[in-house]
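Here is a short briefing to read alongside the model on your screen. Have the sequence and the 3D view open, and let's walk through a few features together.

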Amino acid sequence: MFVGGEVFTSFLGLLFKATKVNGEENRVVSANPDSENSHTQIELGLFLNNPRILDEKPNTSLESGIKSFGNGYLKHNSIRFLGHVALCYLLIFHLGASTLISLYILLVPSARQVLQQKGLQVQIFSVFTTLATFANGGFIPTNENMAVFNKNSGLLLVLIPLVLFGSTSYGPCLRLVIWVLEMVTKREEFGYLLKNYGELGYGHLLSSMNCLCLAATVFGFILV
């Protein structure tokens with residue numbers, strides 16, 4: 001269920017995309033190794049590891065090379081940052097939800113009694129339920145599914161947002177996280193993600209208007 005989840009499969013796509021863009025950049029830097037351009041190529045390679053070199057050592061040929069290459073470099077860096085955000089998104093929600101479910105079961109006797117009667121361990125139930133809910137697998141390790149917890153509204157309130165964060169509301173949540181990171185870190189990569197979401201080919205990264213419409217639609221249906 002975890003491997004087939006929507007967020008995880010999109011994260012794998014980001015990894016392949018970053019690898020492809022990185023390979024294209026390496027081919028550009030190593031192309032045409034003639035003596036006339038070798039010095040410029042070496043400086044361009046140094047720029048990839050240290051962008052401040054342009055401020056310290058201005059060079060006309062280097063500047064022209066960087067201008068033509070800068071967009072690709074920023075795009076590659078932005079895709080890499082987006083992959084980190086998606087990975088942290090996965091880990092935080094899985095670890096956080098598993099912890100909350102375990103705490104709830106340990107603190108609420110009626111929920112703990114259900115697992116004792118079923119012969120289920122708290123940790124196994126928490127992890128399995130989190131994975132199934134986030135990936136929208138629809139499986140719970142009880143014969144009655146979630147009906148057996150009909151009196152445990154706290155547990156249901158933990159799982160309901162987890163269903164949304166792993167599927168329909170992933171796009172709006174992702175853009176919100178990137179916006180917060182851009183405000184806090186002031187990194188150019190996060191600003192690039194917010195402005196050039198269409199160029200990255202990542203379907204879950206939506207415009208602000210689409211995110212608002214999608215969020216309003218989701219919560220509207222829930223209210224109805």
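A salt bridge here is a side-chain nitrogen of Lys or Arg within 4 Å of a carboxyl oxygen of Asp or Glu. This is a predicted model, in which local features need pLDDT of at least 70 and side-chain atom pairs count only at pLDDT 80 or more, while totals for chains, interfaces and linings use all residues. Residues are numbered from 1 along each chain as its sequence is written, and side-chain values use heavy atoms, with hydrogens and water left out.

**Salt bridges**

- The structure holds 2 salt bridges.
- In one of them, the side chains of Glu144 and Lys118 meet at 2.7 Å, N to O.
- Glu144 sits in the loop between helix 6 (122-134) and helix 7 (153-165) and Lys118 in helix 5 (residues 109-118), so this pair ties together parts that are 26 residues apart in sequence. Helices are DSSP runs (H or I, at least four residues), numbered from the N terminus.
- Glu144 is partly exposed at 36% relative accessibility, and Lys118 is also partly exposed, at 31%. For these labels, buried means under 20% relative accessible area, exposed over 50%, and partly exposed in between (1.4 Å probe, protein chains only).
- Arg187 pairs with Glu189 in a salt bridge, their closest N and O atoms being 3.2 Å apart.
- Arg187 is partly exposed at 37% relative accessibility, whereas Glu189 is buried at 7%.

**Helix packing**

- Helix 6 and helix 7 pack at an angle of about 45°, with their axes 7 Å apart. Axes are lines fitted to C-alpha atoms, for helices over the stretch in contact, and angles run from 0 to 180 degrees between N-to-C directions.
- These two helices are therefore oblique to each other; angles under 35 degrees count as roughly parallel, over 145 as roughly antiparallel, 65 to 115 as roughly perpendicular and the rest as oblique.
- On the helix 6 side, Thr129, Thr130, Thr133 and Phe134 meet Leu159, Leu162, Val163 and Phe165 of helix 7.

**A buried serine**

- Ser10 belongs to helix 1 (residues 6-30) and is buried, with 11% relative accessibility.
- Leaving aside residues up to four places away in sequence, Ser10 touches Tyr170, Tyr202 and His204 (contact means heavy atoms within 4.5 Å).

**Helix 8**

- Val180 lies in helix 8 (residues 170-185) and is partly exposed, at 38% relative accessibility.
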